[in-house]
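Subject: Handing over a structure, with notes

Dear colleague,

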Amino acid sequence: MDNFIPTMGLEVHAQVKSKSKIFCRCATDFSEKPNTNICPICMGFPGVMPSINEEVVKKAVKAGMALNCRINLRTGFARKNYFYPDLPKGYQITQFKVPVAENGFVILSNGKKIRIRRLHIEEDTGKMIHDQNEDTLIDFNRAGVPLIEIVTEPDFESSAEAVEYMNRIREILRYTEVSDANMEMGELRGEPNISVRRNMGDMLGTKTEIKNLNSLKAIEKGIDFEIERQSRLLKEGREVLSETMLYNEKKQEVIPMRKKESASEYRYFIEPDLPDLIIEEAFIESVKKEMPELPEEKRVRFIKQYNVSRIESEILSSEKSLADFFEEAIKNIKQTKRCVNFFIREIPAILNSKSIDSAELKFSASDFNELLREIDSESVNLNSAQIVLSEMSEGRGKAEEIIERMNLKQTNDDFKAMELIKEIIEENPKEVERYKKGEEKLFGVLVGLCMKKAKGSISPAAINKILKEMLK
Ligand SMILES: [Zn+2]
């Protein structure tokens with residue numbers, strides 16, 4: 001038997017959105033010069049006293065609740081001891097025995113429940129920069145920046161499931177404003193652990209872990225390469241070692257970095273400089289009050305309220321900013337379906353082609369609402385609306401002005417023409433077919449038929465214009 005069955009778990013690190021670091025008052029702004037946002041506390045000088053940033057606890061609790069976790073009312077911090085150049089203290093403050101939240105879950109689109117084992121708070125380390133002279137520089141601005149780590153049970157069976165989970169986590173962290181979760185900025189990183197086995201009934205194989213994957217593509221590729229590597233080893237009768245792996249994007253491979261540490265090697269002990277973290281019921285209540293509508297709740301509501309499909313609701317709610325923009329734009333629209341379709345067809349395409357989010361558009365949601373109202377009242381047709389929108393997205397005015405300037409308003413004649421042309425098209429399918437296949441002279445024939453039927457009640461210009469549009 002050649003195919004091995006993969007099993008995976010995922011650890012996700014997310015940077016908590018906060019002005020200051022987790023245990024001191026240093027700023028978390030990375031745009032500053034290296035080693036300027038540091039102080040004796042985040043550098044771990046002897047005798048300093050850390051104190052917990054309440055905002056970070058609040059956001060960790062919020063994330064825990066949004067991920068269906070139980071919140072632990074009494075937790076604390078521990079020291080994880082290890083030596084590394086980016087860790088000036090010689091230890092990292094994290095949570096060990098009792099995390100702030102545990103036993104949560106996320107449900108994937110295939111209905112599968114991914115169990116979340118724990119969610120804990122910890123501090124980030126510094127950042128090493130390897131320059132072209134083969135020197136290594138260290139920037140400690142990131143040391144002490146607040147993180148949450150979210151750990152799943154080994155519930156994934158494919159890289160696609162892991163990627164979808166990562167997407168869900170990113171959505172939830174952004175909706176709740178716990179993290180900006182920009183993967184390319186390193187604000188959200190995934191570390192999959194992977195094992196393979198021959199049969200479903202076998203014990204789980206020896207697992208390896210891939211470090212710091214900071215794009216969805218890297219998660220997908222890293223997992224797939226590692227499944228392949230382990231399967232190959234086992235097929236050759238060799239052994240999978242418990243190792244920490246690195247994904248090399250340029251070479252498209254995963255390579256062993258070091259032997260995997262076990263928890264006992266870190267010599268965890270209770271952080272002596274911090275008291276237990278006691279979370280009061282009232283605190284939880286206040287976080288509950290701040291909880292926004294979550295992505296899944298929004299999708300269910302959109303399907304009901306705007307009569308959209310599941311896929312459409314996913315598109316509309318992928319970013320909270322886009323969902324808010326949509327709801328503002330669709331206000332007081334009567335022909336919802338027609339306008340929702342126009343929105344879904346046009347807006348994501350503009351955002352993608354310009355690689356921007358809705359806040360960076362050159363028009364506001366209420367400007368777009370103005371255009372939708374023109375569509376709604378049928379003063380422009382959809383083709384003209386598209387032209388108006390492309391003008392708007394280049395910042396060349398608002399809907400009404402553009403319609404006026406480009407003479408795109410549908411007149412009474414246009415409406416009458418539309419009705420009549422519909423009939424002509426239905427009555428002459430062969431001629432329409434031939435025109436569409438390239439016999440352009442048939443356009444004149446169709447115009448003639450329309451004119452004859454209109455008996456002079458519609459202007460030839462309107463017939464020409466509308467017929468051209470309807471034959472597209
Ligand atoms: Zn500091």
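Predicted model: local features only at pLDDT ≥ 70, side-chain atom pairs only at ≥ 80, totals over all residues.

Residues are numbered from 1 along each chain as its sequence is written, and side-chain values use heavy atoms, with hydrogens and water left out.

Domains and cores

The protein chain is divided into domain 1 (5-286), domain 2 (293-405) and domain 3 (412-470), with bounds that come from an automatic or database domain assignment. Between the C-alpha centres of domain 1 and domain 3 the distance is 64 Å.

A nonpolar core is here a set of buried Ala, Val, Leu, Ile, Met, Phe, Trp, Tyr and Cys residues joined through side-chain atoms within 4.5 Å, where buried means under 20% relative accessible area, exposed means over 50%, and partly exposed is in between (1.4 Å probe, protein chains only). The largest such core has 61 residues, and Ile148 and Tyr165 are those with the most contacts inside it. If residues up to four places away in sequence are not counted, Tyr165 touches Leu10, Val12, Val106, Leu108, Ile114, Ile116, Ile150, Thr152 and Phe156, a contact being heavy atoms within 4.5 Å. Apart from that core lies another, of 36 residues, which includes Val308, Cys339, Ile347 and Val388.

Aromatic rings and charges

A search of the whole structure finds 17 aromatic pairs; rings of Phe, Tyr and Trp (its six-membered ring) pair if their centres lie within 6.5 Å, and planes under 30 degrees apart count as stacked, over 60 as edge-to-face and the rest as tilted. One of these pairs is formed by Phe325 and Phe368, which are tilted, at 6.4 Å centre to centre and 40° between the planes. This pair links distant parts of the chain, since Phe325 is in helix H7 (residues 320-329) and Phe368 in helix H9 (residues 365-376), 43 residues apart; helices (H or I, at least four residues) and strands (E, at least two) are DSSP runs, numbered from the N terminus. Phe325 is buried at a relative accessible area of 8%, and Phe368 is buried at 0%. Both belong to one aromatic cluster, formed by Phe302, Tyr306, Phe325, Phe326, Phe342, Phe343, Phe363 and Phe368.

Two lysines are placed over rings: the charged end of Lys80 sits over the ring of Tyr266, 4.4 Å from its centre, and that of Lys113 over the ring of Phe105, 4.3 Å from its centre. For this, NZ of Lys or CZ of Arg has to be within 6 Å of the ring centre and within 35 degrees of the ring normal.

Helix H15

In helix H15 (residues 460-470) the buried residues are Ala462, Ile463, Ile466, Leu467 and Glu469. They cover an arc of only 160° around the axis, and therefore lie on the same side of H15, the arc being that of the directions from the helix axis to the C-beta atoms. These buried residues pack against helix H10 (382-393), helix H12 (412-427) and helix H14 (441-454), whereas the face turned away from them carries the exposed residues Ala461 and Lys468.

Single residues to look at

Most residues other than glycine have a negative phi. Glu134, although not a glycine, has a positive phi of about 65°; Glu134 lies in the loop between strand E8 (127-130) and strand E9 (136-139), and is exposed, with a relative accessible area of 74%. Ala181 likewise is not a glycine and has a positive phi, of about 50°; Ala181 is in the loop between helix H2 (159-175) and strand E11 (188-197), but is buried, with a relative accessible area of 0%.

Lys409 lies in the loop between helix H11 (399-405) and H12, and counts as partly exposed at 43% relative accessibility. Leaving aside neighbours within four places in sequence, Lys409 is in contact with Glu374, Ser379, Ile403, Asp414 and Lys465. Lys409 and Ser384 are 25 residues apart in sequence and 8.3 Å apart in space, C-alpha to C-alpha.

With best regards
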